[in-house]
Amino acid sequence: MPNFESEAHYLASLTPPSVAAGVGRRNFLKGAAGAGAALTLPGLLAACGGDDEGSSGGSGGAPTGTVSFGSNEAGGDVPQMRRDALVAAYEKESGLKVAVNAVDHNTFQENINNYLQGNPDDVFSWFAGYRMQFFAERGLIGDVSDVWPIDGVGEAFQKASTGSDGKQYFVPDSNYPWVVLYRKSFWDERGYTAPTTYDEMITLAQQMKTDGLNPFAFADKQGWPAMGTFDILNMRINGYDYHVSLMAGEEAWDSTEVKNVFDQWRELLEYAQPDALGRDWEEAAQSLVANKSGMYYLGLFAFEQFPEDERDDVGFFNFPEIDSSIGADAIDAPIDGYCMAADPDNEDAAKDFLKFIPSKEAADTLSEAGYPLIWANSNADLSSLQPIQQEAAEFIAQQSSIAQFLDRDTRPDFASTVMIPSIQEFIKNPDDVEGLTKKIEEQKKSIFV
Amino acid sequence: MTSQAPPAVPPPDVDTGRRRFGRRPKARMVGTRMGTADRVAVTLMVAVPTLLVLWLVWVPGVLSVVLSFAKWEGIGGFDTISWIGVDNYKNIFTIYPPFEPAIQHNVIWLVVLFLVPTPIGIFLAVLLDKELRGGRFYQTAFFLPIVLSLALVGFMWQLIYSRDQGLINELTGGTTDWYGDSSVNLWAVLVATCWKQTGYVMLLYLAGLKAVDPSLREAATVDGASETQTFFRIVFPVMRPINVIVLVITFIEALRAFEIVWVVNKGRNGLELISTLVTSNIIGEASRIGFGSALATIMLAISSVFVYMYLRIVMKEERP
């Protein structure tokens, strides 16, 4: 259940979308009239505090009133504090009020269908790529093309924010690469060095095994972490373009290409932490913290599992090349960001907020407040980022192709009801690739029609 | 209505005979005076629940069956629904790998609930009925798990079962992955479920045992029946209504088993149940509304068998 800020919000949420649309327009007119005639207090503040915002608004006078903001961070942890800092920074900058409606991360994702078809907040957190396009095509996300282009946000981000009709439906905030993480001091002590080829990585893994370590920390209880391993092997063996068409349902899952991926993965599994299906990724990361595992292929966010004063000790390397004709310059680097509701109550304010989010000012304010991320804005000041984040930002910039992630690049129903059980089945029983891929393909055909 | 309340609880000095005698005419008087109002009240009392049941049970139920013949993402109006006949059913039975294990697990669940918590619950109830010293304490201890939600039970047992930090592996030095290894996790979860179910069965039987007329037992003792014979030949058959209730509860619990596996791993990897398949297909971003509805319809069909059996038993009972 979403948390409603007030009874009025709750009642508003019960209004059918068709009626709410009318209300929205009326509110908008009221707001416009207010701005024109007698300035309300927030309007006054906006006029004082945000001159530049007003002039860059594009669609008329300075926005007024309140913008509602659906956030998927409610854990009371760093991401939520970061969100609160963002809201505070925007309220200060614009003089508008942001009404936050925070829902736990997983719940938010699971309810997204109902949320978007009900009365969604003006601005809400979401993901770039297919997962955004899917809802944009169905008219559930608002067109924010006039927010683009955004100063400092590059073409690759704009591409990932664009729907199938060529309009932008998304504003990126930050991203993070999937890399192989390790503890530097521990590797120095053991004399391990970061491998540059796949064979070197296997030799290193063998060495670690003889040294009594789990070479790779591994967990897939939540169902999505192992998708990253599939993605990277697929991109190393078959290339980025194949990843894209496979995810779009255009390639067969029982093809030789896909079987090669699983066969390669079987070899890697020998060096992975056993019993992965009963472990969540946080526990696997803890084995890396405790020097029980040698390395961990996961999103960069895993370094936050290390105690604060040990985070400088975390290093990473790119998952090495397998086929020299394919190379190793494609990675998963999912983009997080924000969308606007298809029919927002306060469209001007929503767009104004969406313009602020990826700005250099917002990024710098948050970095200085102690919540650094790898910002989408390339002008953002990198000096207050953690060293590993700075390194990762450069690393992402060097890649020629960026994928979002298996469950962000393909149909959500296929990812969750077919791929999660299938990958878990593979981890449990890695020998029957033939049967497994056949079953995936059959199910794919029944979903991609 | 409120004016009638006081006579319902007679003062201790009034004997029952007089109370009954004194109340009857009054009730009749009320009946004649408020005839129309009563009729309206009765109509409302029948109509409102009927409408609610229709709206909340039958309409969604029938719609589920209808939607099970469709392919729909759950977005947009009726025009976005495409009718695909029995394809969903065909896919479930032919190419949907989790379905077969889910059916198996539900059956195992049912059998285990019958064989383990029910006899243990009866046994505990008989012991507690003997009013042993500290009986109250044990009663509370056995009943306590029922107060907890199954989701919470799943979490508590996680502390015991966790592979790397759990109590069992800590004590035995083992490395069994109780919740992750698909050959043991169903049984691990069933232990937790039985732990909870036992208290429930115990409480029901305890209530039943307290209600058994003591003169029956005395008569049996006088006739020279042993304690075991008394229980199985006299007490147990007398508790038939309780037996039916426990039977029904066991069926219901086995079919609606959901929370605990959902908490453990969303009903995947060895913990598939029909209910979790329905949920993971319909809830969430997946929204395979038609496919999920077909699974729900299969579940409905299986439940109907038990509902039919239950109704037959109850109807037979009510017929003299």
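Visitor: Which helix lies across E5 and E7 of chain A, and at what angle to E7(A) does it run?
Guide: Helix H12 (residues 225-237) of chain A lies across these two strands, running at about 85° to E7(A). Angles run from 0 to 180 degrees between N-to-C directions, with axes fitted to C-alpha atoms, for helices over the stretch in contact. Helices (H or I, at least four residues) and strands (E, at least two) are DSSP runs numbered from the N terminus. The model is predicted, so local features need pLDDT of at least 70 and side-chain atom pairs pLDDT 80 or more, while totals for chains, interfaces and linings use all residues. Residues are numbered from 1 along each chain as its sequence is written, and chains are lettered from A and ligands numbered from 1 in the order written.

Visitor: Which other helix packs on the sheet?
Guide: Helix H15 (residues 281-289) of chain A does, touching E5, E6 and E7 of chain A. The direction of H15(A) makes about 140° with that of E7(A).

Visitor: What is the strand order in that sheet?
Guide: The order is E6-E7-E5-E8 in chain A, an open sheet of four strands with mixed pairing. Strand E6 (214-216) and E8 of chain A are the edge strands, each pairing on one side only. Two strands pair if DSSP finds at least two bridges between them. Ignoring direction, neighbouring strands are turned by 30° against each other on average.

Visitor: Which strands run parallel, and over how many bridges?
Guide: E6(A) and E7(A) do, joined by two bridges. A:Asn214 stands opposite A:Ser293 in E7(A). By contrast, E5(A) runs antiparallel to strand E7 (residues 293-299) of chain A, with four bridges between them. Four bridges also link E5(A) with strand E8 (residues 314-317) of chain A, again in the antiparallel sense.

Visitor: Why is strand E5 of chain A described as largely enclosed?
Guide: Six of the six residues of E5(A) (residues 178-183) are buried, so the rest of the structure largely encloses this strand. A residue is buried if 20 or more other C-beta atoms, placed from the backbone, lie within 10 Å of its own, exposed if 12 or fewer, and partly exposed in between.

Visitor: What about chain A overall: what share counts as buried?
Guide: The share is 48% of the 449 residues of chain A. The secondary structure of this chain comes to 21 helices and 12 strands.

Visitor: Moving on, how many residues of chain A are in contact with chain B?
Guide: In chain A, 26 residues are in contact with 26 residues of chain B; contact means that C-beta atoms, placed from the backbone, lie within 7 Å. H20(A) provides the largest share of the chain A side, eight residues.

Visitor: In chain B, is B:Glu272 buried or exposed?
Guide: B:Glu272 counts as buried, because 27 C-beta neighbours are inside 10 Å. The residue sits in the loop between helix H14 (259-265) and helix H15 (274-282) of chain B.

Visitor: Which residues does B:Glu272 touch?
Guide: Leaving out residues up to four places away in sequence, B:Glu272 touches B:Pro98, B:Pro101, B:Ala102, B:His105, B:Gly267 and B:Leu277.

Visitor: And how many residues of helix H11 of chain B are buried?
Guide: The count is zero among the nine residues of H11(B) (residues 214-222), a helix that is hardly covered. Just after H11(B), B:Gly224 takes a positive phi of about 85°.
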